[in-house]
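These are my notebook entries on a structure that I looked up. I set down each term with its cut-offs where I first need it.

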Amino acid sequence: MNLTLIFRFVKRELRTSEARILVLALALAVASVGAVGMFADRVKGAFANQANVLLGADALISGDRELPASLPEEAARYGLKTTQSIRFGSMVAARSNGANAGEAALSDVKAISAPYPLRGSIEIRGEPTSAEPRGKRMPIAADQSTPKPGEVFVDERLASRLNVKVGDTIDLGKLSPRIAQVFVEEPEVAGNFLSAAPKVLINANDLAASELLGPGSRASYRLQVAGARAEEFAQVIKPKLAPGQRLETVRELRPEVKNTLERSEQFLGLAASFAVFLAVVAIVLALRRYLKREIDTATIFRTLGAGRTQTLIHFIGQFALLSLIACVLGVIGAYLAQAGLAYVVRGLFASELPPAGVAPLWRAFLTGVVLLLGFALPPLVALASTPPVRALRRDMQMPGGGGVIATVLGIAAVLGVVLMQAQDLKTGFIFVGGIVALVGAASLGAAAMLWGVRRVTKARTKSAWQMGLANLDRRRLSTSIQVACLGLGVMTLITVGFVRTDLFSAWQKSLPVDAPNRFLINIQKEQVEPLTSLLKERGQDATFYPMVRGRLVAVNDKSVSGKDYVDERAKRLVDREWNMSSADAPPKGNVILSGNYFGADAKDEVSLEDGIATTLGVKLGDKLTYDIAGDKVTVTITSLRKVDWDSFRVNFFALVPKTNVDALPKSYITAFHLPTNDLKTLPAIVNAAPNVLAIDVSEVMERVRSIVEQVASALEFVFLFTLAAGLLTLYTAVVSTQDERRYDTAIVRTLGGTRTQVRNALVAEFSLLGVAAGALGVLGAVILTWALATRILKIEFVASPLVWVIGLVAATVLTLVAGWLGTRSVLSTPPIRVLREG
Amino acid sequence: MNADFGGASAAPSLSTSNAHVAIAADKLNRTVPLGDRQLTILDDVSLTVNDGETLAIVGASGSGKTTLLGLLAGLDRPNTGSVSWHGEVINTLSEDALAKKRQGTVGFVFQSFQLLPALNALENVMLPLELANNDDAESRAKEWLTRMGLGERIDHLPRQLSGGEQQRVAIARAFAASPSIVFADEPTGNLDTDTGNEIIDLMFQLNRDQKTTLILVTHDLELAARCNRHIRLARGKVIA
């Protein structure tokens with residue numbers, strides 16, 4: 001390999017527009033992959049941090065016995081911050097000598113030590129104002145967020161139940177600590193909120209003196225960790241945990257947060273896929289034009305005595321160097337762009353964006369190399385086989401192909417990159433399937449268009465625009481390729497625009513502002529009616545679901561216990577009690593996936609949530625036996641449901657017929673929306689049903705809503721890459737036939753065509769190209785967005801004809817403008833010059 | 001040197017000592033598929049060209065002269081028959097071996113110059129030397145360009161040069177690798193008469209100086225007359 005020669009060729013060729021567009025397209029692909037990858041990682045990190053606020057940490061290890069010292073030591077080795085706490089249930093009473101003496105409530109007590117919390121903060125309320133009648137929520141300063149010995153923090157639910165305030169004392173075991181803070185919320189709101197009791201935070205040093213925990217007491221010993229390598233630590237530690245110990249991350253705890261995070265990742269991944277895909281189209285087009293020029297070089301090489309191998313090595317070297325340059329430029333661009341993006345969106349995130357890792361940059365770099373070589377190898381092999389005699393016969397047909405292996409390699413490279421970018425196979429295949437279908441449709445569409453063109457241009461004397469259309473027919477292959485590429489560009493831009501706006505608002509709509517934010521649990525049968533009318537008076541049409549608690553003891557008459565399962569979640573499902581309910585019809589947001597939902601008079605049947613059935617490895621027709629308050633109840637699975645966890649409605653894993661529930665001991669549960677400024681409903685409920693517990697999930701909803709909003713902002717920026725790639729694609733598609741067009745036009749002018757005739761012909765040509773590509777792009781976009789909405793993002797598909805019309809018009813105008821800009825110089829260049837250049 | 005204008009013979013004069021024969025073609029046939037039949041482009045063409053000789057191949061368009069040049073130059077292969085350079089049959093060599101053989105044996109001058117547009121004059125001339133891994137490519141290329149009167153224009157790109165200048169760069173490229181045979185395909189076809197004459201003078205001068213064998217394809221009978229001999233092709237056969 002003659003490196004000097006390769007360097008010289010690359011240096012010289014970078015002066016040509018063909019090589020420059022190719023490098024630009026590749027650099028843009030690399031920059032898109034890199035910047036979106038890095039930015040998405042950082043944003044995901046920030047989302048995770050925010051979501052982790054719900055856990056008060058990045059990960060939590062809990063155990064029913066004291067955790068070994070090796071765990072915090074191991075965490076420290078990963079550079080993580082740690083804090084330990086002990087959580088248990090206990091009765092808390094107002095001080096017996098106070099006016100409200102004797103008031104007591106079961107509370108969720110947590111003995112903590114500084115630093116606490118690791119993520120998020122404990123929030124208290126400021127003075128009430130007219131705008132914030134309940135007082136604005138504000139965080140406690142970090143150095144004051146752990147109670148001092150002899151002090152406690154209680155949550156406002158407990159304070160209201162016991163009628164106590166800051167400065168009062170309460171009875172807690174043998175201690176009588178002073179209330180130092182009444183808090184609204186502390187970070188750790190994750191977990192099964194149905195079991196949540198009002199919270200009390202005490203200093204860990206007071207625990208022994210309180211004598212609340214004796215031998216055999218039930219308590220949860222907890223280690224919370226936070227830091228950049230928390231995920232890594234969690235992965236390492238998970239398999240090492242002893243029985244009774246478990247690892248919790250926010251994704252495992254809250255399905256609605258998990259869904260939101262995953263969907264955010266999908267959105268970002270999709271936007272990046274589009275950018276990459278568009279850049280790939282631009283690369284293919286630019287490469288086609290570039291390689292056409294290289295045929296002359298290959299011919300000269302071969303004529304001057306370079307063998308096939310020598311020629312191939314030279315071209316591979318040349319392409320490797322070109323892709324190296326493009327990749328380096330792309331990586332630099334990616335880094336700068338993501339830094340810029342992070343700077344622009346800095347105010348949008350509650351926490352600072354975590355630093356970017358270099359992994360996405362490497363991925364981007366490799367993507368670039370794989371893409372260019374993948375696409376270029378087959379034509380390079382063909383190029384190296386250019387017969388030297390072509391120097392004498394320029395009109396010779398070029399050998400096509402380049403070997404089956406090389407072609408397969410090219411296709412594999414593209415599929416690999418698109419699939420990698422799409423993040424999951426299903427999305428990737430929808431994407432690739434869409435592309436293949438579109439290319440097929442483009443070929444058919446172009447053929448139909450050309451057939452029409454032939455009919456229109458059959459007349460012997462042709463007007464200028466008929467001449468223009470006839471030009472399209474003469475370059476059938478080029479026209480088909482152009483229509484396909486322009487169509488793909490238009491399709492992608494419309495789809496991204498649609499994802500950005502319509503799909504997005506559909507997602508936001510799935511979390512309406514009046515979604516239930518309070519759950520009422522522990523409702524007794526006789527309280528259902530008064531509470532229903534109480535809520536109805538306030539415009540709340542709440543559904544009350546009976547709730548029975550039972551433990552799964554047998555599957556198909558075979559006893560089961562946690563030990564029978566490997567999967568952690570399955571172990572937990574078997575070890576703990578399930579909340580089961582009954583409903584005559586599938587509750588709102590539930591979709592029956594298989595089987596039939598039981599009828600009103602059915603008995604001993606169960607409708608299971610699909611995910612839990614998969615976790616437990618059970619299917620339709622299997623028998624599940626539950627232990628409900630000492631009674632064994634066996635039910636057969638007759639339907640599987642998909643549950644919309646995002647809805648914040650009351651959802652159940654297991655629904656059984658009313659006839660089963662009627663006979664069992666049960667309480668009721670409901671959910672309703674409590675407006676922020678409503679100060680009367682809760683006291684009224686407590687008054688009517690003092691035993692009922694009201695659970696506030698507004699915090700979780702706020703987090704989810706804020707994540708959704710931030711994804712929207714992030715997408716706006718990622719969209720810029722897609723837009724740049726899209727415009728580059730449109731440009732390369734238009735200029736791909738520029739040379740032929742310039743030559744043809746020069747001939748027409750030489751033969752006496754006027755400038756007006758030539759101009760009209762060009763306008764007719766580009767207009768028809770634009771309309772065809774626009775129509776194809778819109779059609780593709782409608783199908784693709786429908787597939788994305790219904791199959792991937794699981795969002796309602798909303799047709800938006802206005803976007804389609806705008807897409808069609810914009811495609812036509814853009815094609816016309818770009819085409820005109822690319823070829824208009826031919827009108828002012830003397831035809832002889834164009835002809836001489838060949 | 002054979003000065004006989006009708007010297008092209010139907011049978012090769014292989015009886016002459018091979019040491020003096022630069023090129024020998026024996027019963028060359030070349031056909032191309034045309035639909036379901038074969039179109040004969042060259043039909044049983046044989047000829048010999050001695051070292052240092054200049055031969056013009058003339059004929060009407062489509063008579064097969066460029067095809068013959070391609071076969072003689074080892075750029076294409078005959079369907080039957082053989083071509084040998086200095087006594088060595090070349091059309092049985094492998095693709096890469098033939099390419100290697102072309103390096104340093106043959107040089108080319110084309111009607112359309114065939115300069116690479118991205119490379120400047122110097123780099124275009126250096127190219128065959130570099131492909132042959134010649135160490136003094138640059139100095140030799142410079143020397144040749146100076147000799148062609150282009151010493152001041154070595155860093156100009158082809159599009160910055162006139163047609164005559166581009167052809168002079170192409171001639172420099174053809175002779176720089178010291179070939180023993182130079183093939184020229186309508187070397188003046190793209191040039192005006194004066195420039196064409198200038199180029200032809202230059203080529204003949206170099207041919208004498210470098211003692212190369214020159215084979216050229218032309219329509220121009222005046223140019224053909226300047227060669228030691230010429231052969232005329234019609235419908236793929238040598239007719240004179």
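Entry 1: terms and source. I take axes as lines fitted to C-alpha atoms, for helices over the stretch in contact, and angles as running from 0 to 180 degrees between N-to-C directions. Helices (H or I, at least four residues) and strands (E, at least two) are DSSP runs, numbered from the N terminus. I note that this is a predicted model, in which local features need pLDDT of at least 70 and side-chain atom pairs count only at pLDDT 80 or more, while totals for chains, interfaces and linings use all residues. Residues are numbered from 1 along each chain as its sequence is written, chains are lettered from A and ligands numbered from 1 in the order in which they are written, and side-chain values use heavy atoms, with hydrogens and water left out.

Entry 2: two helices of chain B. I looked up how helix α3 (residues 121-131) of chain B packs with helix α4 (residues 137-147) of chain B, and found an angle of about 130° with the axes 8 Å apart. Angles under 35 degrees count as roughly parallel, over 145 as roughly antiparallel, 65 to 115 as roughly perpendicular and the rest as oblique. α3(B) and α4(B) are therefore oblique to each other. I recorded the crossing of α3(B) past α4(B) as right-handed; a crossing is right-handed if the near helix is turned clockwise from the far one by less than a right angle, and left-handed if anticlockwise.

I then listed contacts, meaning heavy atoms within 4.5 Å. From α3(B), the residues B:Ala121, B:Leu122, B:Val125, B:Met126, B:Leu129 and B:Glu130 meet B:Ala137, B:Glu138, B:Arg140, B:Ala141, B:Lys142 and B:Leu145 of α4(B). The residues of this contact divide into eight nonpolar, no polar and four charged. Here Ala, Val, Leu, Ile, Met, Phe, Trp, Tyr, Cys and Pro count as nonpolar, Asp, Glu, Lys and Arg as charged, and the others, Gly among them, as polar.

Entry 3: a sheet in chain B. I counted two strands as paired if DSSP finds at least two bridges between them. In chain B, four strands form an open sheet in the order β2-β1-β4-β5, with antiparallel pairing. Its edge strands are β2 (37-50) and β5 (88-89) of chain B, each of which pairs on one side only. Ten bridges join β1(B) and β2(B) in the antiparallel sense, and B:Pro33 has B:Gln38 in β2(B) as its bridge partner.

Is B:Leu28 buried or exposed? I used these limits: buried is under 20% relative accessible area, exposed is over 50%, and partly exposed is in between (1.4 Å probe, protein chains only). B:Leu28 lies in strand β1 (residues 21-34) of chain B and counts as buried, at 0% relative accessibility. Leaving aside neighbours within four places in sequence, I found B:Leu28 in contact with residues including B:Leu42, B:Val45, B:Leu68 and B:Ser82. B:Leu28 and B:Ser82 are 54 residues apart in sequence, yet 6.3 Å apart in space, C-alpha to C-alpha.

Entry 4: chain A. I noted 25 helices and 22 strands in chain A. Of its 838 residues, 55% count as buried. Strand β3 (residues 104-112) of chain A is mostly covered, with seven of its nine residues buried. Strand β2 (residues 81-94) of chain A pairs with β3(A) in the antiparallel sense over nine bridges, and A:Ser85 stands opposite A:Ile112. β3(A) also pairs with strand β9 (residues 199-203) of chain A, in the parallel sense over five bridges; there A:Lys110 stands opposite A:Leu201.

I also looked up A:Thr299, which is placed in helix α8 (residues 255-303) of chain A. A:Thr299 is buried, at a relative accessible area of 1%. Not counting residues up to four places away in sequence, A:Thr299 touches A:Thr386, A:Pro387, A:Pro388, A:Arg390 and A:Ala391.

Entry 5: backbone exceptions. Most residues other than glycine have a negative phi, and most peptide bonds are trans. I found a cis peptide bond from A:Ala114 to A:Pro115, with omega near -5°, and one joining A:Tyr116 and A:Pro117, with omega about -10°. A:Pro115 is in the loop between β3 and β4 (123-125) of chain A.

B:Ser178 is not a glycine, yet has a positive phi of about 50°; B:Ser178 is partly exposed, at 44% relative accessibility. Phi of B:Lys211 is also positive, near 55°, and B:Lys211 is exposed, with a relative accessible area of 67%.
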